[in-house]
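Please look through the model below before reading on. The points that follow are meant to be checked against it one at a time.

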There are 2 protein chains.
Amino acid sequence: MIYVFTGNGKGKTTAAVGTGIRAVGAGLKVLMVQFMKIKELSSEYNVLSKLENFDIESFGRKGFYLPKEELEKRPELEKKGFKPFSDIDFRLAQEGIEFVKNCVFREKYDLYILDEICVALHYRLVDENILKKLLIEYRGKADFILTGRYCPDWLIEISDLATEMKEIKHPFKKGIPAKKGIDY
Amino acid sequence: MIYVFTGNGKGKTTAAVGTGIRAVGAGLKVLMVQFMKIKELSSEYNVLSKLENFDIESFGRKGFYLPKEELEKRPELEKKGFKPFSDIDFRLAQEGIEFVKNCVFREKYDLYILDEICVALHYRLVDENILKKLLIEYRGKADFILTGRYCPDWLIEISDLATEMKEIKHPFKKGIPAKKGIDY
């Protein structure tokens with residue numbers, strides 16, 4: 001089965017983590033692969049890394065990265081610390097998808113959480129054809145949860161379940177900063 | 001802070017659980033209180049019950065319950081095993097909210113997850129004035145996550161963050177049954 005958590009609201013990664021916990025509780029083996037993130041920077045890593053049958057890998061680097069065109073259009077983002085993607089980011093995403101493929105081929109896990117992969121797809125860090133082929137070929141043998149904003153239409157189409165996490169209200173807009181243990 | 005996960009889509013309870021895991025990973029103490037549910041029936045309980053600093057209580061009973069009027073309007077639900085609410089359901093929800101109040105007054109936890117409380121509010125199993133008073137009085141001392149469909153407007157208004165989990169696609173509609181480890 002293929003599950004998608006997308007949209008601009010809070011709760012996509014946490015819903016994937018919560019579903020992963022549910023799967024482990026039912027005796028399944030879970031792999032969470034994070035794109036464009038560093039696993040050690042999220043508080044949940046301290047708990048998840050100690051769980052049996054829940055493995056996490058991440059394929060990102062410190063800081064926030066966006067395509068050059070995006071930064072040229074919105075120069076204020078550079079002042080906020082965003083930097084343009086470089087070859088490193090493409091290589092990391094590539095390694096991430098290769099890692100997933102290897103685990104899927106060897107049938108190592110029952111549930112694969114590909115966190116933020118929709119964002120990586122949107123910015124073309126991940127080749128959509130490679131992902132599409134993998135999902136279609138293995139959807140009967142394992143479950144996949146894909147998260148992130150900007151989920152492409154083809155992924156919604158091939159999914160079995162898709163939820164849009166829609167922002168109704170968000171404290172960052174009121175100028176309240178992100179809170180450790182809740183937001184990261 | 002007050003967080004709301006509502007809407008008809010999948011991911012509300014799991015997002016609350018994932019946020020709870022994140023909070024525990026940041027050194028916070030979490031209490032999850034489930035309304036209209038039995039904690040032992042969900043697979044995640046097997047994992048969460050073993051975690052330090054994550055406590056769960058539930059105040060529901062086996063089976064699915066709805067108000068009498070709801071069942072009279074939709075008799076097909078009775079065939080699906082739904083039964084009308086009785087005094088037991090009101091008493092259980094009452095006990096649940098009293099339990100939360102006691103913990104909040106004694107400042108036992110940093111984060112309170114009130115799972116399915118929006119549904120309990122909708123069916124008037126929980127007195128909205130008691131909940132409103134508690135949230136407004138203690139929002140500065142602890143964080144609260146409230147989940148469930150049918151979130152009332154006043155709760156969105158007093159919340160700091162609200163996400164609508166909006167169903168885009170759902171396998172149950174295609175006749176695919178709920179899957180252990182993913183759906184419960």
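This is a predicted model: local features need pLDDT of at least 70, side-chain atom pairs count only at pLDDT 80 or more; totals for chains, interfaces and linings use all residues.

1. Start with strand β2 of chain B, residues 30-35. Of its 6 residues, 6 are buried. In a regular strand the side chains alternate between the two faces of the sheet. On one side of β2(B) are B:V30, B:M32 and B:Q34, on the other B:L31, B:V33 and B:F35, and both sides are covered.

2. Which strands are joined to β2(B) by bridges? One is β3 of chain B, residues 54-59, which runs parallel to β2(B) and is joined to it by 6 bridges. In this pairing B:L31 lies opposite B:D55. Another is β6 of chain B, residues 111-115, also parallel to β2(B), with 5 bridges between them. Here B:M32 faces B:I113.

3. The largest nonpolar core has 46 residues, and the members that touch the most others are A:I21, A:F54, B:I21 and B:F54. Take B:F54 as the example. With neighbours within four places in sequence left aside, its contacts are B:V17, B:G20, B:I21, B:V24, B:V30, B:M32, B:L48 and B:I113.

4. Now the two chains together. In chain A, 51 residues are in contact with 52 residues of chain B. The size of an interface is often given as the accessible area lost when the parts come together. For chain A and chain B the buried area is about 4300 Å², with 63% of it on carbon and sulfur atoms. On the chain A side, A:R22, A:K169 and A:I182 lose the most area to chain B, and together they make up 18% of what that side buries.

5. How many salt bridges does the rule find across the interface of chain A and chain B? There are 4. B:R22 and A:E44 form a salt bridge through their side chains, at 2.8 Å from N to O. Polar contacts between chain A and chain B come to 26 residue pairs, counting pairs with both residues at pLDDT 80 or more. The elements of chain A that give two or more residues to the side touching chain B are β1 (2-6), α1 (12-25), α2 (45-48), α8 (153-158) and β8 (161-169). Of these, α1(A) supplies the largest share, 11 residues.

6. A:T147 belongs to strand β7 of chain A, residues 143-147. Is A:T147 buried or exposed? A:T147 is buried because its relative accessible area is 0%, and the cut-off for buried is under 20%. Not counting residues up to four places away in sequence, A:T147 touches A:F5, A:K12, A:T13, A:A16, A:L114, A:D115, A:E116, A:I117 and A:C118.

7. A:F172 is in the segment after β8 of chain A. Its relative accessibility is 39%, so A:F172 counts as partly exposed. Beyond its neighbours within four places in sequence, A:F172 is in contact with A:P177, A:A178 and A:D183.

8. A:G27 sits in the loop between α1 and β2 (30-35) of chain A. A:G27 counts as exposed because its relative accessibility is 54%, and exposed means over 50%. A:N53 is 26 residues away from A:G27 along the chain, and their C-alpha atoms are separated by 8.2 Å.

Technical notes:
Residues are numbered from 1 along each chain as its sequence is written. Chains are lettered from A and ligands numbered from 1 in the order in which they are written. Side-chain values use heavy atoms; hydrogens and water are left out. Buried means under 20% relative accessible area, exposed over 50%, partly exposed in between (1.4 Å probe, protein chains only). Helices (H or I, at least four residues) and strands (E, at least two) are DSSP runs, numbered from the N terminus. Two strands pair if DSSP finds at least two bridges between them. A nonpolar core is a set of buried Ala, Val, Leu, Ile, Met, Phe, Trp, Tyr and Cys residues joined through side-chain atoms within 4.5 Å. Contact means heavy atoms within 4.5 Å. Buried area is the accessible area (1.4 Å probe) that two parts lose on being put together, summed over both. A polar contact is a pair of N or O atoms within 3.5 Å; within protein, one must be able to donate a hydrogen and the other to accept it, and residues adjacent in sequence count only if both atoms are side-chain atoms.
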